[in-house]
Amino acid sequence: MSEGVNEVTLTTPSGKTRTLTLTQAEPGVWRSTVEASELGLWHATDGTLNALANVGPAKSARIRRGDVDDRRARPLANATGGDAVRIEDGGAVHLPRIVPVRSSDTYKGDDWLGLRVREASVVRGIGVLPVFAGLIGLLLLVGSLAATWMREGR
């Protein structure tokens with residue numbers, strides 16, 4: 001741990017930034033207090049470490065009421081070959097199939113949504129090593145049964 005900390009840049013939900021100087025509250029704990037004048041996601045960084053804080057309810061009133069629709073997301077989704085769908089409509093849940101799509105201009109269909117396979121990581125193989133293999137496992141099993149039997153027989 002260092003003896004001091006860097007100044008922290010705080011970004012409000014509207015994008016305004018301000019610089020905070022932290023004061024040491026106790027060894028290893030540095031704090032600053034800010035009046036939260038906006039609801040939404042606040043971002044704090046010292047250039048190395050990042051922190052996010054949500055000011056306001058975790059679920060907005062619109063989400064709790066269920067009147068959120070897909071009008072805002074649909075144009076962007078359609079422009080990129082995807083789709084925006086509601087999975088809950090009037091109490092019934094309809095989840096489309098999610099399928100991997102390697103390369104295509106369309107990532108949607110009548111009853112499916114596609115996720116582009118980026119191959120950022122590829123599993124080349126899986127090695128399985130049994131814990132009790134062959135005769136050694138059999139001997140351990142029989143030995144533990146014999147030890148249990150001897151102990152219970154006393």
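This is a short tour of a predicted model, with stops to select in your viewer.

Residues are numbered from 1 along each chain as its sequence is written. In this predicted model, local features need pLDDT of at least 70, side-chain atom pairs count only at pLDDT 80 or more, and totals for chains, interfaces and linings use all residues.

**Stop one: the start of the chain.** Select G4, in the segment before strand 1 (strands are DSSP runs of E, at least two residues, numbered from the N terminus). G4 counts as partly exposed because its relative accessibility is 37%, between the limits of under 20% for buried and over 50% for exposed, with a 1.4 Å probe and protein chains only.

Select strand 1 (8-11) and strand 2 (17-20). They run antiparallel, joined by four bridges; pairing takes at least two DSSP bridges. V8 faces L20 across the pair. Five residues lie between the strands, and G15 in that turn has a positive phi of about 100°.

**Stop three: the largest pocket.** Which residues lie nearest its centre? Select V8, L22, A44, T45 and A51, from a lining of 22 residues. A pocket here is an open set of points on a 1 Å grid over the protein atoms alone, where a 1.4 Å probe fits, with protein on both sides within 12 Å along at least five of seven lines; lining residues have an atom within 4 Å of a point. Finish by selecting strand 6 (50-55), which supplies the largest share of the lining, five residues.

Terms used: Heavy atoms only, no water.
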